[in-house]
Amino acid sequence: MARALQLAARGLYTTTPNPRVGCVVVRDGAVVGEGWHERAGESHAEIHALRLAGEAARGATAYVSLEPCNHHGRTPPCAEALLGAGVARVVVAMQDPNPLVAGEGMARLRACGIDVSSGLLEAQARELNIGFVSRMERGRPWVRLKCAASLDGKTALLNGRSQWITGAAARRDGHAWRARSCAILTGIGTVRDDDPRLTVRDVATTRQPLRVVVDSRLETPLEAKILAGGNVLVACAIDDAARAAKLRQRGAEVVALPNADGKVELPELMRELGRRGVNEVLAEAGFKLNGSLLRDGCVDELLIYLAPSLIGDAARGMFDLPQLVSLDDKRSLSWREVRQVGDDLRIVARLAAG
């Protein structure tokens, strides 16, 4: 199963909106076939592994990192393929949270006399597909909020300049997190101050994430680099057909999601992204939007790069959050990882439940 998960990870950048899945077929203690799902619309991991195994699959054990599907989508059911290949046993890391599967694949195999077990390395399997699980169970993607800051927590000078606080190695590492994401989210302030492209450049990939701009008043400049090449969604809070039409002419899609305060309703934006098949979002925004995402409960994980430098109190912080009057109201985190990347530290932390 560890090998199946290793294979599944090869689809880290490519499988969206599908989950990352690996499969290993073992007979008489030897691996006779293995495969992984590479991209949506193509063969699933089980199909690749069974083709490689051929007749050796008969009587074998298939280790699959996610429950085999039992429905017709863009590809035939994998449960039927396993039955047709004559495997004797199927070991599954985790049940598929997709309501179209949700135990039906394992039930189909058991009904036909296959020995089926699940739960082996389940935690690792869930981590690999944490965004897919989030979308299926909560109807919204898993959101990582990325910040590059000085050791005193400053992300930009008071005038908005932020390039570059962290070093080249940290920026390359950030592109790997972009590559695995289905969407990169930013705000109009970052578009105006930094004019970013928000594309994956330092990591080899065949897919570019959707770029999402939170722009309540449709102020995105038509010459902004983020509009180049299309694949952009602008979320606004006003009904301005003329401005929206100009952005559409530049290849962007515009969706209005206003809240009562005349801002973009961020939780609804997350649900909209979920409906579009977005599993993982990487937010690369300024301190104001960062604070809004946190306040609205849209953030699941923080990805913080800390540089060995000090900028000073007058500079911009990471999050625009209201002043607390009691430490009992602080937001608690759980550490996931602390690692040095070049000269900087990379910290991964999750928002504590509740």
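Close-up 1. Cys236 is in no disulfide either, with the nearest cysteine sulfur, that of Cys298, 17 Å away. Cys236 is buried as well, with a relative accessible area of 1%.

**Close-up 2. Helix H2 meets helix H3.** The axes of H2 (residues 45-53) and H3 (residues 78-85) come within 9 Å and cross at roughly 15 degrees. Here axes are lines fitted to C-alpha atoms, for helices over the stretch in contact, and angles run from 0 to 180 degrees between N-to-C directions. Helices (H or I, at least four residues) and strands (E, at least two) are DSSP runs numbered from the N terminus. H2 is therefore roughly parallel to H3, given that angles under 35 degrees count as roughly parallel, over 145 as roughly antiparallel, 65 to 115 as roughly perpendicular and the rest as oblique. On the H2 side, the contact uses Glu46, Ile47 and Leu50, and on the H3 side Cys78, Ala81, Leu82 and Ala85; contact means heavy atoms within 4.5 Å.

**Close-up 3. Asn98 in its loop.** Asn98 lies in the loop that links strand S4 (89-92) to helix H4 (104-111). With 15% relative accessibility, Asn98 counts as buried. Leaving aside residues up to four places away in sequence, Asn98 touches Phe132 and Met136.

**Close-up 4. The buried residues of helix H11.** In H11 (residues 287-295), the buried residues are Leu289, Asn290, Gly291, Ser292, Leu293 and Leu294. They pack against strands S6 (142-150), S7 (183-187), S8 (210-214), S11 (280-283) and S14 (344-351), plus helix H10 (266-275). After H11 comes Gly297, with a positive phi near 70 degrees.

**Notes for all views.** Residues are numbered from 1 along each chain as its sequence is written, and side-chain values use heavy atoms, with hydrogens and water left out. Since the model is predicted, local features need pLDDT of at least 70 and side-chain atom pairs count only at pLDDT 80 or more, while totals for chains, interfaces and linings use all residues.

Technical notes:
A disulfide is a pair of cysteine sulfur atoms within 2.5 Å. Buried means under 20% relative accessible area, exposed over 50%, partly exposed in between (1.4 Å probe, protein chains only).
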